[in-house]
Amino acid sequence: MYSTTGFEASNFVSTFNASFDLILWISLIFIFGLTATMLYFAFRYNSKKHKKAEQIEGSTALEITWTVIPVLLALLMFYYGWSGWTPMNKPPKDGMNVTTVARMWSFTFMYDNGKQSPDLVVPVSTPVNLKLTSLDVLHSVFIPEFRIKSDIIPGREKIMWFQSDRTGEYELFCSEYCGLRHSYMNAKVRVLPKDEYDKWYGAEVAADTASAAASPGAAGEAIVKNNGCLACHSTDGSKIVGPTFQGLFGSQQNVAEDGKNVTVTADEQYITRSIYEPDADIVQGFQKGLMQSYKGTISEDDVAKIIEYLKTLNGK
């Protein structure tokens, strides 16, 4: 991991921490202050010392004091929160753009040159605009060390931005419950020195699979991993959200098709239809509506590579 001391993880850390510390100290003062006052009155005016109750007249000055001070403190906390939140909603026009695609249950980060990555890779000391898109349900991008979070709402495009002046690797995950595999929906933010980022960004899109290009199905395996398919489909025969990939190609599958239970062969046509129309054939024992269509996301050429990869999982 890279690290550069003397810099915050992102440009929003200092304002966020200042707001948090202010609210924390005000809360602690009130907790201990009110508790001490309560204990004092409980001891000072208990029934043993004051057997006969006395009527105490109200104090206008006291009532004004305990009304005005909390109002001023609330306005002070609001000001700090507002001053920290406002810049988050003003992405710089000269920032680099990265499209963040969220789906059950993975993130895909798409760059202007067509490169895709399961992790967010950015250069240091550069403003980054994340265009947030969801293909299915409500998700939320949360980068704790950057002190930023934003919901991703289906059908609505949002932008979240940041600038990190410290190289390193940081956690990114979905903080909105989005289904059975919600806890598996995480990624990394890799902040690289600019020269290393340029090498990574300038490489061919297929370079991520170059080392394994000689093996059959390597390109398809990379596509499957980049699109988060393995979050729902195992390769070892175990049952999770969707059918296992092991031994899938060429097998006989009992599916619900147009309301009827039929047996189909998991051939090229079946695989393609399952990717583009996932609710058309529901394998018995699995639920409908958990997988969204990848039409427009995965090309027909990529589907062919995926099929070649599936063949390697059962020797066909």
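**Stop one: a buried serine**

Select Ser 150. Its relative accessibility is 10%, so Ser 150 counts as buried, the cut-off being under 20%. Bear in mind throughout that this is a predicted model. Ser 150 sits in strand 7, which runs over residues 148-152. Now show what surrounds Ser 150. With neighbours within four places in sequence set aside, its contacts are Leu 132, His 139, Ser 140, Val 141, Lys 158 and Met 160.

**Stop two: two positive phi angles**

Step back to Arg 147. This residue is in the loop between strand 6 (139-143) and strand 7. Check its backbone: phi is positive, about 60°, although Arg 147 is not a glycine. Is Arg 147 buried or partly exposed? Its relative accessibility is 27%, so Arg 147 counts as partly exposed.

Next, pick Ser 125. Look for it in the loop between strand 4 (120-123) and strand 5 (128-134). Ser 125 is not a glycine either, and its phi is positive, near 55°. At 35% relative accessibility, Ser 125 is classed as partly exposed.

**Stop three: a cis peptide bond**

Select Met 104 and Trp 105 together. The peptide bond joining them is cis, with omega about 0°. Trp 105 belongs to the loop between strand 1 (96-103) and strand 2 (106-111).

His 139 is a residue you have already met, among the contacts of Ser 150.

Where is Cys 178 in the chain? It lies in the loop between strand 9 (168-174) and strand 10 (186-192). Cys 178 is buried, with a relative accessible area of 6%.

Now draw a distance from Cys 178 to Ile 271. The two are 93 residues apart in sequence. From C-alpha to C-alpha, the separation in space is 25 Å.

**Stop four: helix 6**

Select residues 300-312, which form helix 6. Do the length check. At 1.5 Å a residue, its 13 residues should span 18 Å. The end C-alpha atoms are 19 Å apart, which agrees.

Which residues of helix 6 are buried? They are Val 303, Ile 306, Ile 307, Tyr 309, Leu 310 and Lys 311. Show helix 4 (218-226) and helix 5 (268-276) as well: both are included in what covers the buried residues of helix 6.

**Last stop: the whole chain**

Clear the selection and zoom out. The protein chain has six helices and 13 strands. Its radius of gyration is 28 Å, well over the 20 Å that the globule rule gives for 316 residues, so the chain is more spread out than a compact globule.

Colour by burial. Of the 316 residues, 35% are buried. Switch to contacts: among those with a separation of 6 or more, 64% are between residues 24 or more positions apart.

Finish with the surface. The accessible surface is about 18,700 Å², and carbon and sulfur atoms account for 57% of it. Then colour by charge. There are 29 positive and 34 negative charges, and their mean positions are 9 Å apart.

Key: Residues are numbered from 1 along each chain as its sequence is written. This is a predicted model: local features need pLDDT of at least 70, side-chain atom pairs count only at pLDDT 80 or more; totals for chains, interfaces and linings use all residues. Side-chain values use heavy atoms; hydrogens and water are left out. Helices (H or I, at least four residues) and strands (E, at least two) are DSSP runs, numbered from the N terminus. The expected span of a helix is 1.5 Å times one less than its number of residues. Buried means under 20% relative accessible area, exposed over 50%, partly exposed in between (1.4 Å probe, protein chains only). Contact means heavy atoms within 4.5 Å. The radius of gyration is taken over C-alpha atoms; the globule rule is 2.2 Å times the number of residues to the power 0.38. Accessible areas come from the Shrake-Rupley method with a 1.4 Å probe; for residues, only the protein chains shown count as cover. Lys and Arg count as positive and Asp and Glu as negative; His and the chain ends are not counted. The place of a charge is taken as NZ of Lys, CZ of Arg, CG of Asp or CD of Glu.
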